[in-house]
Number of protein chains: 2
Amino acid sequence: MTSLARAQRSLADPSVRHPLWPPLTAGCPVTSTGEVAYPLEVDYDYDAVPADLFARPAAHGLERWAPLLPPLAAPGLGEGNTPLVALADGVWVKDESRNPTWSHKDRLNRVAVSAAVASGARGIVVSSSGNHGAAAAAYAARAGLPCVVFTSPQAPPAVASHLRAYGATVLAVPYASVRPLMRRIVGELGYQSVSSVTDSAHTGHPFGPEGYKTIAYEIALALGRAPAAVHVPVGYGELLFGVAKGFQELARLGVTSAVPRMYGVEPAAAGALTEALRTGRPAARVPVGPTAAYAIDCEVNSYRGVLAVRATGGAARTVTEDQFASAREELARQGIWCEVSSAAGLAGLRAHGPDPAGEDGPVVCVVTSSGYKDVATGRDPVVAADADRETVRALLER
Amino acid sequence: MTSLARAQRSLADPSVRHPLWPPLTAGCPVTSTGEVAYPLEVDYDYDAVPADLFARPAAHGLERWAPLLPPLAAPGLGEGNTPLVALADGVWVKDESRNPTWSHKDRLNRVAVSAAVASGARGIVVSSSGNHGAAAAAYAARAGLPCVVFTSPQAPPAVASHLRAYGATVLAVPYASVRPLMRRIVGELGYQSVSSVTDSAHTGHPFGPEGYKTIAYEIALALGRAPAAVHVPVGYGELLFGVAKGFQELARLGVTSAVPRMYGVEPAAAGALTEALRTGRPAARVPVGPTAAYAIDCEVNSYRGVLAVRATGGAARTVTEDQFASAREELARQGIWCEVSSAAGLAGLRAHGPDPAGEDGPVVCVVTSSGYKDVATGRDPVVAADADRETVRALLER
């Protein structure tokens, strides 16, 4: 199946179109302002979508959805095709830890690394505290491209092992140096960045979020309809935007009859999307407080998140550290051990309840990554805790 | 779909049958000897298998294969339905890290915890250095049963975090105390063990390996035929046996025309199956040397492995630490970061080559678990290594 991608389109003004190549990773050159380098998205020849595209069974690998993605020039790892798992009250969990590098970021990186391969980039550069870097490094390795990962000295030690295993060059440099260095690597070495390279609000790669659309396709295929609401963790909002766009496409193509309300959930310690929506601006900058949800503690939002919430009648929500912990524990007691940040969707649903419009169908929370990626993982001693010993003694002596 | 499981059958003598319930976790009471507590397997009413069972698409959750499994009384987590990923030379990797707790053990535990639920057990007890314990704890939590995990003080610290997240009681006790304590927990508390409780060669749970049959079903469905050879890591040989049985069933039911040669690969530091086959005994005990493949460093084998190799014309093979490392690196450079033990199948294939009979079709290596489970993971510092810094400096200054 061939890609039907035809153009890039400014998110600030959909009538502003650019050719599909090269990917405009620094934002739209026409509509951007001093404040916001507006992101772009990909437009398709929707009239040419094969009539049976959504009638075929789900399968591993984004090639399953090739017509509605940019060209997949980089080899895949069987990404996607993750399960929906039911919680006790019927809420569905879309378990994205079941991807090749155990997070949703594999969907974005299959597409973004493909863009680099197709545009003749000499390597991949990425800035990430964990999941994004691991996925970029894996797809770069598989495509035979070198990969440079800028990470934080606070990143979990296991993540460094993970990144280095793929042969990536892993650099912990001060935050202020990251983007200037990335731009040099792009400009002087001909690498392509799969992270945002602008100093304004988050711009990101125009092709990347397209990969997340496949989460919406899979959910609709599994449920036989669109859900009533979808709750997702929000860092820069690429996942929120991608899933919303996927559902919008399904409705446009007549596969489903409605678009779910999209809820983007942020740590209370870093609520940039919430602030942007509150103030009616395309992007806001907020101070970031301490949070265990290190994968989504972003000081700026992307305009993508604003669009997704507005277009679907959803909302941005924030959750406290206690609410994160509580949602993470609920998931673990149901057999799903996730990264703290990954529990944001469920934490938002449990803390704020179903929305006032009421739920007129299934509710889905996207869980993005595994508990192995957390900073605190591995800090417990393996030796039996006293409480454990007491539990068994009490059991055997009663 | 209803289970067609009808009876337990001794692996020492298939004519010795027992009722399906209760699961005979201490081995066959009729055929066992002082040396070997012979394991049992499950027999089915094969004549009643629905004609279209293998015509339907793959799906998450072992219920997809319910007719050929014992009753699935415990709720699932969407286990199985893992992808086949191609290496550069066309060898297929069955990526079992894509399961709910990121290893193949989820397939076994869905079935074994179901047996506990169906027989009214009050809890689950398991002995494991990692993957098996995590899977047992997750399925026990989901079923609402308490779980006690005996683990080793040498287990990776991240694994302790993993086990505790599900609410399991985690005990590190001296190796010699494990089985006596497990038997007490079974006898006095009414728990069911999903690990071997006998002091003889490995006996194991009679239902557990049935879960691994679904790996064979999925491979055959994905390839449209049986492969020529399958290479799997061997600890106690439950995976080897289960996959072999799955392919034998497919041939018996006329779904495929041949059974692949099954290769069981052990660390050179612990080659009990190799020794049993060499000496023609049902089970051997060997000294265990140091190895990074901690998940499969077993001092005894199970008779299951002997049967699987003999019935399929395969072999047991051993690999050195260097061969493990080399296979693990090959996989990582193709985007698949696995636990050292998990690389055994590919390590055996690369070290010993295709077998003398030649390969008359696809070759599959089963990769069982993620690199996050390794002892060495997380030991690297996050700070940039000097080599990494030099790489980027050299790139930017040339």
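Predicted model: local features only at pLDDT ≥ 70, side-chain atom pairs only at ≥ 80, totals over all residues.
Residues are numbered from 1 along each chain as its sequence is written, chains are lettered from A and ligands numbered from 1 in the order in which they are written, and side-chain values use heavy atoms, with hydrogens and water left out.

Start with the pair of chains. Chain A can be laid on chain B with an RMSD of 0.0 Å. Copies are superposed here by least squares on the C-alpha atoms of residues with pLDDT of at least 70 in both. The move is a turn of 180 degrees with a shift of 0.0 Å along the axis. The two copies are thus related as by a two-fold rotation axis. In chain A, the C-alpha nearest that axis belongs to Arg98(A), at 2.4 Å.

Now look at where the chains meet. Contact means heavy atoms within 4.5 Å. Chain A brings 74 residues to the contact, and chain B brings 74 residues. Of the interface residues of chain A, 100% are also interface residues in chain B, so the copies meet through the same surface.

The size of an interface is often given as the accessible area lost when the parts come together. Buried area is the accessible area (1.4 Å probe) that two parts lose on being put together, summed over both. Between chain A and chain B it is about 5800 Å². Carbon and sulfur atoms give 59% of that area.

What kinds of polar pairing cross this interface? A salt bridge is a side-chain nitrogen of Lys or Arg within 4 Å of a carboxyl oxygen of Asp or Glu. The rule finds zero salt bridges between chain A and chain B. A polar contact is a pair of N or O atoms within 3.5 Å; within protein, one must be able to donate a hydrogen and the other to accept it, and residues adjacent in sequence count only if both atoms are side-chain atoms. Across the interface, 17 residue pairs are in polar contact, both residues at pLDDT 80 or more.

Several elements of chain A each supply at least two residues to the side that touches chain B, including helix H2 (131-143), strand S7 (147-151), helix H3 (157-165) and strand S8 (169-172). Helices (H or I, at least four residues) and strands (E, at least two) are DSSP runs, numbered from the N terminus. The largest share, eight residues, comes from H3(A).

Next come the sheets. Two strands pair if DSSP finds at least two bridges between them. One open sheet of chain A has four strands in the order S8-S7-S6-S9, with parallel pairing. S8 and strand S9 (192-193) stand at its edges, each with a single partner strand, so one side of each is left without a neighbour in the sheet. Strand S6 (residues 124-127) pairs with S9(A) over two bridges. There, Val125(A) stands opposite Ser193(A).

H2(A) touches S6 and S7 of chain A, and its direction makes about 170 degrees with that of S6(A). Axes are lines fitted to C-alpha atoms, for helices over the stretch in contact, and angles run from 0 to 180 degrees between N-to-C directions. Helix H11 (residues 386-397) of chain B lies across S7 and S8 of chain A, at about 100 degrees to S8(A).

Another open sheet of chain A has three strands, in the order S2-S1-S3, with antiparallel pairing. Its twist averages 40 degrees from one strand to the next. Strand S1 (residues 5-10) and S2(A) pair over three bridges. Arg9(A) stands opposite Arg17(A) in S2(A).

Arg17(A) also forms a salt bridge with Asp43(A), the closest N and O atoms being 2.6 Å apart. Arg17(A) lies in strand S2 and Asp43(A) in strand S3, so the pair ties together parts that are 26 residues apart in sequence. The structure holds 46 salt bridges over all chains.

Finally, consider the backbone. Most residues other than glycine have a negative phi, and most peptide bonds are trans. The bond from Trp21(A) to Pro22(A) is cis, with omega near -5 degrees. Pro22(A) sits in the loop between S2 and S3 of chain A. Asn81(A) is not a glycine, yet has a positive phi of about 55 degrees. The loop between S3 and S4 of chain A holds Asn81(A).
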